[in-house]
Amino acid sequence: MKAVVISLESKIERYKWTRSQLKQIPSLAIEKLSAVDARADNPHALMGRYNEQRFFNLNGRTAAPGEIGCYASHYLAWQRCVELNEPIVVFEDDIQIDAQLFNHTIEAAKAHIAECGYIRLENYSKKREHNYTVASLGHHQRLIRHIKTPLCMTAYAITPSVAKAFIKKSNEFLYPVDVFMRNIWIHKKPTYGITPAGLTGGKFDSAIGTRNFKHEKTVKTKAFKLLSKSRDVAFNGLYNFTYAVTVKKSRPTFQRHR
């Protein structure tokens, strides 16, 4: 299975580390994808998809340049998936793996990616996550369906059809890319995961830069953000309900996992 590693050309040590980790997974064919450098003198054309005013209205802040570069880099990975016309695994370049467990994760992803379309392949935070079990996989692992998609996009498997859907809905960059993924009402593609996955992120400091979460907000800005978040929660809930009613594999007993 093709493994596409997103990495800035200026951060070669990160790519070397990630490659050394993935070399422990024999079934992966590793390919480097040059990340979009948001601070380059000649900005990548995809940086122009950032709509600052709409991003501000929806998120209550402007984006850090690195956030737009991150979105653009994942967009290029989706394009690569479409170009290859086969499922791929996408990695950011700050991973650490439990090789034995992650080998099982990759085998499970290969077995289920065609029916699922998009499978997250990283361990989840200790905060409460809303998901339910779709299938037991052996090796104490489960295939799960997320009700609330976790943030971060350190590792995931994706099919060309899902990649096309993400590309189609990314004419403008209006959210951080992981928030775009969380808003399944936009792209209509449910999120699955494998847990425990045997992969964690955060080996290196974030390359995104400082995000301005704490700036003083006007009443208007707070109202726009509240309306945007309320809409996203409502529409995501409606999509989840509709999907659960119409798709049999999406209707096992609901469970909460910490």
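Valine 5 has phenylalanine 91 of strand E3 as its bridge partner. This is a predicted model.

**Strand E3 and its neighbours**

- Strand E1 (residues 2-7) runs parallel to E3, and 5 bridges join them.
- Strand E8 (residues 155-158) pairs with E3 in the antiparallel sense, over 4 bridges.
- Valine 90 has its bridge partner in E8: tyrosine 156.
- In strand E3 (residues 88-92), 5 of the 5 residues are buried, so the rest of the structure largely encloses this strand.
- In a regular strand, side chains alternate between the two faces of the sheet.
- Both faces of E3 are covered: Ile88, Val90 and Glu92 are buried on one side, Val89 and Phe91 on the other.

**Aromatic rings**

- The structure holds 12 aromatic pairs.
- In one of them, tyrosine 75 and phenylalanine 173 have ring centres 6.3 Å apart and planes at 55 degrees, so this pair is tilted.
- Tyrosine 75 sits in helix H3 (residues 65-84), while phenylalanine 173 sits in the loop between helices H5 (160-168) and H6 (177-182), 98 residues apart.
- Both tyrosine 75 and phenylalanine 173 are buried.
- The rings of tyrosine 118 and phenylalanine 166 have centres 5.6 Å apart and planes at 80 degrees, so this pair is edge-to-face.
- Tyrosine 118 is in strand E5 (residues 118-120) and phenylalanine 166 is in helix H5, so the pair ties together parts 48 residues apart in sequence.
- Tyrosine 118 is buried, at 1% relative accessible area; phenylalanine 166 is buried too, at 0%.
- One aromatic cluster includes Tyr75, Tyr118, Tyr156, Phe166 and Phe173.

**A charge over a ring**

- Lysine 32 lies over the face of tyrosine 15, 5.0 Å from the ring centre.

Note on methods
Residues numbered from 1 in each chain as written. Predicted model: local features only at pLDDT ≥ 70, side-chain atom pairs only at ≥ 80, totals over all residues. Heavy atoms only, no water. Buried < 20%, exposed > 50% of the residue type's maximum accessible area, 1.4 Å probe, protein only. Helix = DSSP H or I, 4+ residues; strand = E, 2+ residues; numbered from the N terminus. Pairing = 2+ DSSP bridges. Phe/Tyr/Trp six-rings, centres within 6.5 Å; stacked < 30°, edge-to-face > 60°. Lys NZ or Arg CZ within 6 Å of the ring centre and 35° of its normal.
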